[in-house]
Amino acid sequence: MGKKYVMAPNQLLPAAPTFDSTTIWTRTKLNYDRRALLPAWDLFIQSAGKGINTDGFQYDLVDITRQVLANYAGPLQKKWVAAYKEKDTAAFNKYSKAFIQLISDMDVLLATRKDFMLGPWLSTARSHGTTPAEKALYEQNARDLITLWGDANSPLHEYSNRQWSGLLNDFYKPRWQQFFAMLQQSLRTGAEPDLKQFEATIKDWEWKWVKMQKAFPVEPVGNSVAVSLQMYKKYRKEVE
């Protein structure tokens with residue numbers, strides 16, 4: 001008998017847009033109660049308030065804040081899915097907007113740490129090229145590795161599943177926005193969404209993104225502790 005591989009749970013936000021929480025290369029059903037992480041988040045925030053501010057602490061603070069926020073995408077998804085199925089346009093718009101805002105907020109948080117930024121990854125890749133053509137190729141390969149892991153029809157897309165500032169705002173968020181726009185159109189017209197056509201359109205969009213050349217920040221922006229505290233104040237009650 002062949003080996004059975006069990007993938008660790010990834011995150012919903014970088015997943016291919018879907019009504020489901022489990023897709024081919026994205027297993028977003030957590031193997032723990034997401035609320036079990038909240039006491040640890042509370043302790044990190046309390047320590048930050050006491051002035052602990054080492055580099056290692058900042059990394060861990062951002063990372064646990066990132067994970068708590070990423071886990072919150074699951075409950076939000078259930079809310080906009082339920083609203084869509086009930087044809088409740090107001091509720092669907094509210095929760096899909098909150099879902100998109102969550103991605104934006106995570107991007108701001110992760111931008112405070114170089115460890116969680118797209119810019120250095122692409123910049124380093126380009127730096128190994130000696131000609132403009134080589135630099136473009138290396139950037140394309142670097143983009144491909146963290147998204148499609150192949151060509152436009154790659155069966156391994158979402159395999160890398162990175163949560164990085166820049167990648168969230170420039171790749172994952174626009175995909176979800178296009179998905180929600182399709183569903184909003186469906187609610188307006190009453191017609192069933194053409195999910196197969198959407199998948200084809202997104203495949204084309206993803207491949208164009210992989211082949212694109214665009215510079216992203218290579219230095220952090222903002223204070224890790226301050227932004228984490230902002231996220232805690234905004235989301236702590238929401239994630240209960």
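**Rings and a loop glycine in a predicted model**

Glycine 222 sits in the loop between helix H7 (195-211) and helix H8 (224-235), helices being DSSP runs of H or I with at least four residues, numbered from the N terminus. Heads-up: this is a predicted model, where local features need pLDDT of at least 70, side-chain atom pairs count only at pLDDT 80 or more, and totals for chains, interfaces and linings use all residues. Residues are numbered from 1 along each chain as its sequence is written, and side-chain values use heavy atoms, with hydrogens and water left out.

Q: Is glycine 222 buried or exposed?
A: Buried means under 20% relative accessible area, exposed over 50%, and partly exposed in between (1.4 Å probe, protein chains only). Glycine 222 comes in at 55% relative accessibility, so the label is exposed.

Q: What kind of aromatic pair do phenylalanine 99 and tryptophan 176 form?
A: Rings of Phe, Tyr and Trp (its six-membered ring) pair if their centres lie within 6.5 Å; planes under 30 degrees apart are stacked, over 60 edge-to-face, and the rest tilted. Here the centres are 4.8 Å apart with 65° between the planes, making the pair edge-to-face.

Q: Which helix holds tryptophan 176?
A: The pair links distant parts of the chain, 77 residues apart. Phenylalanine 99 is in helix H3 (residues 89-110), while tryptophan 176 is in helix H6 (residues 167-189).

Terms used: Helices (H or I, at least four residues) and strands (E, at least two) are DSSP runs, numbered from the N terminus.
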